[in-house]
Amino acid sequence: MRNIREFWAETYCGIPTVRVYNTTTQTLTNAVASNVLFNTEEYDRWGMHDTASNTDRITVVVPGIYLVVATVQFTANATGVRTATIDHFNSAATRRARISAFDTPSAGAAAVTTLCPTGLSLVAAKGDFFRITAYQESLGNLDLTAGTSELQHRTSAAAVWQSRG
């Protein structure tokens, strides 16, 4: 049963959507999974992301089916593997779902960046949240790329409410 606020918001304010990205480089330690941080919102009319605290989270504000997508771009390095993972947590921070994208740079690709796109669609409750995790094994630290404009969102994430589920 929806409350009046959810009904009004759906009817008059559009659907819950958010798109976030990072304008600064984030350095990942070799062989350590790290939450991807997002310091900028392209749009977030529903308050699903906070740029001051828990900047690695997209929080569900209206229960339903969500499409969550993420793109993680690693700076050029020809060694090792790269992964990008979307984790879905309930409000008690217990993991409920996980999907990963995996890539291995090809030989001689030292000057080519690695891009790991991933996405999932699932039912989420109010208070649940999503995190993007990046992992790399390049035998050294490796940066995630940053963007400064809409067309340069190299490492970004978005969530779109699809239906009440």
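A: Let's begin with A70, whose bridge partner in strand 12 is A157. The model is a predicted one, where local features need pLDDT of at least 70, side-chain atom pairs count only at pLDDT 80 or more, and totals for chains, interfaces and linings use all residues. Residues are numbered from 1 along each chain as its sequence is written, and side-chain values use heavy atoms, with hydrogens and water left out.

Strand 6 (residues 64–74) pairs with strand 12 through seven bridges, in the antiparallel sense; pairing here asks that DSSP find at least two bridges between two strands. Strand 12 (residues 156–163) is also joined to strand 1 (residues 17–21), by five bridges, and these two run antiparallel as well. On that side, Y21 has S156 of strand 12 as its bridge partner.

Now step back to the whole chain. Its secondary structure amounts to one helix and 12 strands, counted as DSSP runs numbered from the N terminus (helices are H or I, at least four residues; strands are E, at least two). Of the contacts with a separation of 6 or more, 74% link residues 24 or more positions apart, a contact being heavy atoms within 4.5 Å. Buried residues make up 43% of the 165 residues in the chain, where buried means under 20% relative accessible area, exposed over 50%, and partly exposed in between (1.4 Å probe, protein chains only).
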